[in-house]
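Here is a short report for a reader meeting this structure for the first time. Keep the sequence and the model in view while reading.

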Amino acid sequence: MIDLSIKILIVEDNPADAELIAYHTKKIVNSPVVHITYKFEDTAKIIQIVEPDIILSDYQLKSYNGLEILYFISENQMVIPIVFITGTVNNKELAPHAKVKDGNGLILKEHMSQLQSHLMPYLNNLQLLKFIKKMRIEENKPNCSISVEHRKKLESAIQKIESELTNV
């Protein structure tokens, strides 16, 4: 069990799935602060006010999709990893953005029965995911000057998380 206080935003328009995700999250994290939204306006407000440590989001919601959340975070240069928990498979829009190398992740809803074990590597490595996100933001800034040391740490962080995910 993770003993850190983690602020988690669950973005899901299916109440049963939202509650299931919250339930499994509470089995991993000792005392999480969990917020659940499904409307984009509410999601954007909570992101700005609460500044969650991680977002667990469905990809295809009723009136928008997860990429809109991702773009909102990117535009505001926020260091918040997103793990998409979705039934969408092989989606050309989603796939490039749901990779650990960008500080994000993907869990298929077909694995909901094992959600706890699939979430664990992301939550255990939250600080590394944030580091990856931060470095990716720095890389996209004009006159980027990320040191060789930071690049090595970035590659090491990516390898560590990816190796844990392959064991799930």
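How many residues does helix H1 have, and how far does H1 reach from its first C-alpha to its last? Helix H1 (residues 15-28) has 14 residues and reaches 20 Å, close to the 20 Å expected at 1.5 Å a residue. Note that the model is predicted.

**Helix H1**

Start at the N-terminal end of H1. Asn14 caps it, with a side-chain oxygen 2.9 Å from the backbone nitrogen of Ala16.

The buried residues of H1 are Asp17, Ala18, Ile21, Ala22, His24, Thr25 and Ile28. Viewed down the axis of H1, these buried residues fall within an arc of 170°, so they line one face of the helix. The face turned away from that buried side carries the exposed residues Pro15 and Ala16. What do the buried residues of H1 pack against? Their partners are strand E1 (7-11), strand E2 (33-37), E3, E4 and helix H4 (115-124).

**The nonpolar cores**

Nonpolar side chains tend to be buried together in soluble globular proteins. Here, the largest nonpolar core has 29 residues. Within it, Ile54, Leu56 and Ile85 touch the most other members. Two or more residues come from each of E1, H1, E3, E4, H4, helix H5 (126-139) and helix H6 (148-166).

Take Leu56. Neighbours within four places in sequence aside, Leu56 is in contact with Ile8, Leu9, Ile10, Val11, Ile21, Thr25, Val83, Ile85 and Leu119.

Another core, of 21 residues, lies apart from the largest one. Val50, Leu61, Phe72 and Met78 are among its members.

**Aromatic pairs**

The model has three aromatic pairs. Two of them are set out here.

| Pair | Centre to centre | Angle between planes | Type |
|---|---|---|---|
| Phe40 and Tyr64 | 5.3 Å | 75° | edge-to-face |
| Tyr59 and Phe84 | 6.1 Å | 75° | edge-to-face |

The pair of Phe40 and Tyr64 links distant parts of the chain, 24 residues apart. Phe40 is in helix H2 (residues 40-50), and Tyr64 is in the loop between strand E3 (54-57) and helix H3 (66-75). Phe40 or Tyr64: which is buried, and which partly exposed? Phe40 counts as partly exposed because its relative accessibility is 23%. Tyr64 is buried, with a relative accessible area of 3%.

The pair of Tyr59 and Phe84 also links distant parts of the chain, 25 residues apart. Tyr59 sits in the loop between E3 and H3, and Phe84 in strand E4 (residues 82-86). Both Tyr59 and Phe84 are buried.

Finally, Phe40, Tyr64 and Phe72 form one aromatic cluster.

Key
Residues numbered from 1 in each chain as written. Predicted model: local features only at pLDDT ≥ 70, side-chain atom pairs only at ≥ 80, totals over all residues. Heavy atoms only, no water. Phe/Tyr/Trp six-rings, centres within 6.5 Å; stacked < 30°, edge-to-face > 60°. Helix = DSSP H or I, 4+ residues; strand = E, 2+ residues; numbered from the N terminus. Buried < 20%, exposed > 50% of the residue type's maximum accessible area, 1.4 Å probe, protein only. Expected span 1.5 Å × (residues − 1). Arc of directions from axis to C-beta. Contact = heavy atoms within 4.5 Å. Polar contact = N/O pair within 3.5 Å; in protein donor to acceptor, adjacent residues only side chain to side chain. Core = buried A, V, L, I, M, F, W, Y, C linked by side-chain atoms within 4.5 Å.
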